[in-house]
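Hello,

Here is the structure I promised to pass on. Please open it first, then read my notes alongside it.

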Amino acid sequence: MLDAAVERKPSLIGRLFRSLRLPLNEPFAVLGLLIYALFVLTAIFADQIAPYEPTEILFTPDYNLAADLRPGEDGYILGTTSLGRDIFSQIVHGSRSALLIGITAAFMVALIGSIVGLVSGYFRGWVDVILMRLADIAFGIPFLPFVIVLAAFLEPSIWNVVIAMALVLWRDTARVIRSQVLTLRSRGYVDAARVAGSSDLKIILRHIAPNILPLSFLYGSIAIGWAILTEASISFLGFGDPQSISWGYMLQDAFASQALAKQAYYWFVPPGFCIILVVSAGFFITRGYENILFPKLGR
Amino acid sequence: MPHLKAALSRTLQLLLVLWAVVTILFLMFRLMPGNPMAAYIDPTFTIEQQQALMAQFGLDKPLWEQYLIYVGNLLQGELGQSFRYREPVADRILALLPNTLILTFTSLIIAYVFGILAGAYLAWKRGGVVEHAAIPLVLTTRAMPEFWLGMVLLAVFSFNLGWFPAGGTRPAGANYDSLWALYTSRDFLTYLALPALTLAIYSQGLPLLLMRSNMLDVMKEDFVTMARIKGLSNWTVVVRHAARNALLPVMTSFAIAVGYQLQGNVVVESVFSWPGLGRELVNAVSASDYPLAQGAFLMIAVVVIVMNLIADLLYAFLDPRISHA
Amino acid sequence: MTEPLLSVRDLKVSYTVGFGKIDAVDGASFDVPRGSIVGLVGESGCGKTTVAKALTRVIADNAAITGGRMMFGGRDLVTLPEREMNALRWRDIAFVPQSAMNSLDPVYTVEYQLNEVLRRRGGLGRRDARRRCEELFELVGIDRGRLSDYPHQFSGGMRQRVAIALALALNPKLVIADEPVTALDVIVQRQILDQLRELQVALGISVILVTHDISVVAYICDRTVVMYAGKVVESGTMQATLTEPSHPYTMGLRNAFPDLQGAASGVLTPIEGAPPVGRHD
């Protein structure tokens, strides 16, 4: 099944790309990848797309605060906040912090989880016992409260949220990778490589790592969604980074400014939609992956 | 009895995890930069007054001694004094726990009943139009921030239509003879409806997807084919055999979902001003009331850990292959 | 001679695979006389299990009976409305599956599964059902105290007996046994086959025994039907088939049968090539 590493590969990049085994024949996964692409482009070109600075306080032509304008009024696509900021521009810029949070958290979770899983599954013995007990402990820590406490105690910044998430979420990835490594180890070619005199490092890098890469990627893509949702919750509760405009921050702003009572749907619905879009894109990709990695589960 | 031994070792493991979490919790709150009581020390206090206050909360002793005192107190069910309320943390938490549990269980029961039925139905009608539309929809509900869903429901059903109150557990000024009277009053239900619905919509995805995929697996089993060859009715085949078998792991996931839900409650309780553990944790953290935050955190952690254990034991209990080994 | 209990004529069953179709059974014809054991024999993939399942009309989602007749008690099972077919299942045609482990529901006791058939399909009351359960266990030689056990608590041979008890529950006219002893060791195989033979004679039922094992057929069958590549290539009495085979496959089968006198019968004679597959895309 996972024989990608056996054939000869032309270049490192091509090899890496191929061993990711992107689920390009699953329509929903492709849709997910397209949403991701759109979202990355928006984040990159945010300054060009957004008509205003997200924190800029705007005024009407007759010098009043441009507060609580409805969509379309005075040319504001999605209207303005109670402080006279452009909602559309905030949405566009929100993609940046979501991207930043999502990618870094996913990277850290996948990296830590994969390394722990690899080491644990490959070396077994007491290393394995200790690492898996640590995973048990991480499973006992309530995730969101932990992130809240850390984010509140350390100075509020995106990085602290990412670190807090990575400290807890590595556990799921580590467990799955570990059991995959155990399966791989029991196959003949690892023994064959060892008999042939390969070092542990070489066996891990050449024979095992390429085969667990798709799993790391799968768990990374799950973590992107988790990270974005978590950041939104943290910002909503007021423990987020006040310097960056995120979708969670927008929702907190709307909630605190009575947007619900004012029935300002244009204010709090779009950020929610953006979160749903990006997070479900991750789920769609994940699902496509599962159909490839575990074909039995398929519909 | 081999499973008794397994349960015992599992319980020991749980105690180990519990101890580790308690220690992490202690370190987390004590190693924070700054004086933990900074927010509660009036600048006009004299040095002596400050020290007296620190001593009152045991903060003048070395770290290891504080740790031993902390663990010792915990073993006696003593969670310390809240900085803010100047009352025992344990009392406050116990007073809030029922609210959280009612919200959690109401929403989860709704979610599981719906999720199990819908999941079984989708598996039965596999490959149909309904299924192709339903699965992405379910994934989308899992991708929703719970608090956002709560906001939308509030804006529509409370602020626009006026069907439900906007938050809390009781009308302003209303008094009840007892907690029981409150929980059984009709008002309470109208307050419970929106937060419970919010959490239920978010939570139904897990049992639904799990039930569906288990059903699809079980339907391929020989005993399901045999049930058809026996001429049993479609209902008997699907419900008594396929669903009954597929249900095992779903029931176990309920216990795990309780733990997850408790974490999700943190935000939803805040949206609906629901006086529960989660909201208390957020408020305590915001107000730097460390003993209270620590207590609420610990309570949530204990429920998460205990529920993980119950999930294991429940599985062993429900599956005759393990319970009748 | 009376008319046979079951008479299959030109039966066709095909599977849809991808965009093509495979004829798993391509015009099979055979008879099952009353009160006899008929061995349906052939190598794996020859369509014998498909025939067995087709007789109950519970077949895979991607399979369909595309032609032929299956006359049973004056009615054609191929065209019988589903409601009437379902009334026939288990009451007239019962089934002993290949692996009783997987075909008993793991979460119910054996008694529950017997009761289910007796009460839902046989219309028995609680007390009658209980009595019948004990009777059936006695019939297959299992202690009645084990009725309340779960399937996993029985050994392989015992589970197969349970499956036989289950099949006999409603006094069917025909029992289809799909490789009933394949998973068992030789001694247990023999016990089960002896018991099957005994019960068949005592109850006067007919049995279709599906197997790939010619020695099993030789051991208890009255007649044999040999299938190869979806077709019946040989049928007749056990004696005739084994002494005067006409199809090269049957000759091969016979030669593969170890000589009971102990003399090695020489090399196996395989048929050249692989069995043809009736595929049309």
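Let's start with chain C. It has 281 residues, and 41% of them count as buried. Please keep in mind that this is a predicted model. Chain C holds 10 helices and 11 strands. Take its contacts with a separation of 6 or more: 67% of them join residues 24 or more positions apart.

Next, the strands of chain C. Strand S1 covers residues 6-17 and strand S4 covers residues 63-72. The two run antiparallel, and eight bridges join them. To find your way, look for C:Tyr15, which stands opposite C:Ala63 in S4(C). As background, side chains in a regular strand alternate between the two faces of the sheet.

S4(C) also pairs with strand S5 of chain C, residues 75-76. This pairing is antiparallel too, over two bridges. C:Phe72 has C:Arg75 in S5(C) as its bridge partner. S4(C) and S5(C) make a hairpin, with two residues between them. C:Gly73 sits in the turn, and its phi is positive, about 55°.

Most residues other than glycine have a negative phi. C:Asp10 is not a glycine, yet its phi is positive, near 55°. C:Asp10 lies in strand S1 of chain C.

Find C:Trp90 in the loop between helix H2 (82-88) and strand S6 (93-96) of chain C. C:Trp90 counts as buried because 24 other C-beta atoms lie within 10 Å; the cut-off is 20 or more.

On to chain A, and a quick check on a helix. How far apart are the end C-alpha atoms of helix H5 of chain A? They are 23 Å apart. The helix runs over residues 125-140, which makes 16 residues. At 1.5 Å a residue it should span 22 Å, so the two values agree. The buried residues of H5(A) are A:Ala135, A:Ile137, A:Ala138 and A:Gly140.

Chain B has a helix pair to look at. Two packed helices are described by the angle between their axes and the distance between the axes. Helix H4 of chain B (residues 89-124) and H11(B) have axes that come within 9 Å. These axes cross at roughly 145°. The crossing of H4(B) and H11(B) is right-handed. On the H4(B) side, the residues that meet H11(B) include B:Leu103, B:Leu108, B:Tyr112 and B:Trp124. On the H11(B) side, B:Val250, B:Phe254 and B:Leu262 are among them. By class, the contact of H4(B) with H11(B) has 14 nonpolar residues, five polar and no charged.

Last, see where chain B touches chain C. That contact takes 17 residues from chain B and 21 residues from chain C. On the chain B side, the elements giving two or more residues are helix H10 (222-229), helix H11 (234-271) and helix H14 (320-323). Which of them gives the most? H10(B) does, with six residues. The chain B side has five nonpolar, six polar and six charged residues.

Best wishes

Definitions and conventions. Residues are numbered from 1 along each chain as its sequence is written. Chains are lettered from A and ligands numbered from 1 in the order in which they are written. This is a predicted model: local features need pLDDT of at least 70, side-chain atom pairs count only at pLDDT 80 or more; totals for chains, interfaces and linings use all residues. Two residues are in contact if their C-beta atoms, placed from the backbone, lie within 7 Å. Helices (H or I, at least four residues) and strands (E, at least two) are DSSP runs, numbered from the N terminus. Ala, Val, Leu, Ile, Met, Phe, Trp, Tyr, Cys and Pro count as nonpolar, Asp, Glu, Lys and Arg as charged, and the others, Gly among them, as polar. Two strands pair if DSSP finds at least two bridges between them. The expected span of a helix is 1.5 Å times one less than its number of residues. A residue is buried if 20 or more other C-beta atoms lie within 10 Å of its own, exposed if 12 or fewer, and partly exposed in between; C-beta atoms are placed from the backbone. Axes are lines fitted to C-alpha atoms, for helices over the stretch in contact, and angles run from 0 to 180 degrees between N-to-C directions. A crossing is left-handed if the near helix is turned anticlockwise from the far one by less than a right angle, and right-handed if clockwise.
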